[in-house]
Amino acid sequence: MKLQSELDGKVVVVTGGAGLIGKGFVRAVAENGGIAIIADVDETAGSKVRDELAADLGSVNIEFIKVDITSKKSVRGMIDSIISRHKVIDALVNNAYPRNENYGRKFEDVTYEDFCENVNLHLGGYFLMSQEVSRVMVKQKQGTIVNIASIYGFMAPRFELYEGASFTSPVEYSAIKGALLSLTKYLASYLGQHDIRVNAISPGGVHNNQPESFVKQYASKTIVGNRMAETDDLTGALVFLLGDSSRYITGQNIVVDGGWSI
Ligand SMILES: NC(=O)c1ccc[n+]([C@@H]2O[C@H](COP(=O)([O-])OP(=O)(O)OC[C@H]3O[C@@H](n4cnc5c(N)ncnc54)[C@H](O)[C@@H]3O)[C@@H](O)[C@H]2O)c1
């Protein structure tokens with residue numbers, strides 16, 4: 001059997017498409033024949049990524065649309081605008097990373113208010129996007145949703161990695177990503193009757209100029225590669241889940257972490 005991963009003409013919305021991982025996803029969608037829509041709250045970064053990738057790939061199939069995934073009005077405006085141009089939304093990649101200004105504190109310093117706000121923004125935003133976009137998919141009688149979770153959605157952080165670093169793995173993150181894996185199964189079960197598939201990808205840590213000692217320690221725990229993930233490492237799983245080769249797969253979580261979590 002020849003793998004069917006081409007996304008010819010499929011309209012794929014990538015939230016957070018202007019960010020580190022999102023940019024790689026947008027590129028992969030366009031490279032595989034899809035129409036990639038960068039759906040991001042950051043207009044400057046979103047337009048820049050669109051222009052860069054369009055020039056690099058010589059592709060007209062990359063668009064930017066401003067959206068705040070935590071605002072129903074904004075999400076509905078985004079959907080109307082896409083439908084008026086393309087008539088369909090074939091796929092949604094929930095990949096944005098909203099957080100408030102206090103995000104990233106150590107457990108004992110996280111206030112109840114900050115905890116709730118960050119869960120609302122991130123998990124709530126993924127819920128809202130899924131609910132609104134799936135209304136369109138139900139009418140179309142087809143669609144695919146991919147939620148970007150994390151290894152920290154199913155395993156505990158290894159806090160010794162963060163010793164001496166200026167950052168930690170926030171408690172909200174584990175709560176959000178754990179719940180997102182449950183939400184993925186719930187939505188897969190609920191929406192399956194409409195031929196809508198819902199899956200998750202759980203990346204390991206992605207290399208992004210972290211301090212050398214952190215990168216070294218992290219890399220030493222991977223089974224293949226002996227390195228942190230690069231964004232390109234994640235795109236194969238995404239294209240697979242968006243394409244027809246995965247048509248009988250739903251409610252699943254593909255872990256892409258070089259074996260870090262096994
Ligand atoms: N970077 C990693 O190591 C890593 C590892 C595992 C999982 N992840 C997950 O991958 C996803 C992307 O992470 P990243 O590292 O690329 O993040 P990033 O910060 O580089 O990019 C996130 C993007 O989301 C956008 N965004 C923020 N709030 C938004 C909102 N309310 N509405 C719309 N867009 C909004 C930002 O403008 C930004 O472009 C997240 O879900 C993250 O949890 C990241």
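Analyst: Helix H1 (residues 20-31) and helix H7 (residues 232-242) pack at an angle of about 50 degrees, and their axes are 10 Å apart. Helices (H or I, at least four residues) and strands (E, at least two) are DSSP runs, numbered from the N terminus. Axes are lines fitted to C-alpha atoms, for helices over the stretch in contact, and angles run from 0 to 180 degrees between N-to-C directions. This is a predicted model, in which local features need pLDDT of at least 70 and side-chain atom pairs count only at pLDDT 80 or more, while totals for chains, interfaces and linings use all residues. Residues are numbered from 1 along each chain as its sequence is written, and side-chain values use heavy atoms, with hydrogens and water left out.

User: What do you call the arrangement of H1 and H7?

Analyst: H1 and H7 are oblique to each other. Angles under 35 degrees count as roughly parallel, over 145 as roughly antiparallel, 65 to 115 as roughly perpendicular and the rest as oblique.

User: Which residues make the contact?

Analyst: On H1 they are Ile 21, Gly 24, Phe 25, Ala 28 and Val 29, and on H7 they are Leu 234, Thr 235, Leu 238, Val 239 and Leu 242. Contact means heavy atoms within 4.5 Å. The residues of this H1 and H7 contact divide into 8 nonpolar, 2 polar and no charged. Here Ala, Val, Leu, Ile, Met, Phe, Trp, Tyr, Cys and Pro count as nonpolar, Asp, Glu, Lys and Arg as charged, and the others, Gly among them, as polar.

User: Is Thr 235 buried or exposed?

Analyst: Thr 235 is buried, with a relative accessible area of 12%. Buried means under 20% relative accessible area, exposed over 50%, and partly exposed in between (1.4 Å probe, protein chains only). Leaving aside neighbours within four places in sequence, Thr 235 is in contact with Gly 24, Phe 25 and Ala 28.

User: And what does Phe 240 touch?

Analyst: Phe 240 is also in helix H7. Not counting residues up to four places away in sequence, Phe 240 touches Ser 245, Ser 246, Ile 249 and Ile 254. Phe 240 counts as partly exposed, at 24% relative accessibility.

User: Switching to H4 and H5, what is their crossing angle?

Analyst: Roughly 20 degrees, with the axes of helix H4 (residues 112-140) and helix H5 (residues 171-191) coming within 10 Å. H4 and H5 are therefore roughly parallel to each other. The residues of their contact divide into 15 nonpolar, 4 polar and 3 charged.

User: Which residues of H6 are buried?

Analyst: In helix H6 (residues 212-220) they are Phe 214, Val 215, Tyr 218 and Ala 219. Seen down the axis of H6, these residues fall within an arc of 125 degrees, so they line one face of the helix. The arc is that of the directions from the helix axis to the C-beta atoms. The face of H6 turned away from the buried side carries the exposed residues Glu 212, Ser 213, Lys 216 and Ser 220.

User: Last topic, the loops. What is the phi of Lys 87?

Analyst: Lys 87 has a positive phi of about 75 degrees, although it is not a glycine. Most residues other than glycine have a negative phi. Lys 87 is in the loop between helix H3 (72-86) and strand E4 (91-94), and counts as exposed at 63% relative accessibility.

User: What about Asn 209?

Analyst: Asn 209 is not a glycine either, and has a positive phi of about 60 degrees. Asn 209 lies in the loop between strand E6 (196-203) and H6. Asn 209 is exposed, with a relative accessible area of 73%.
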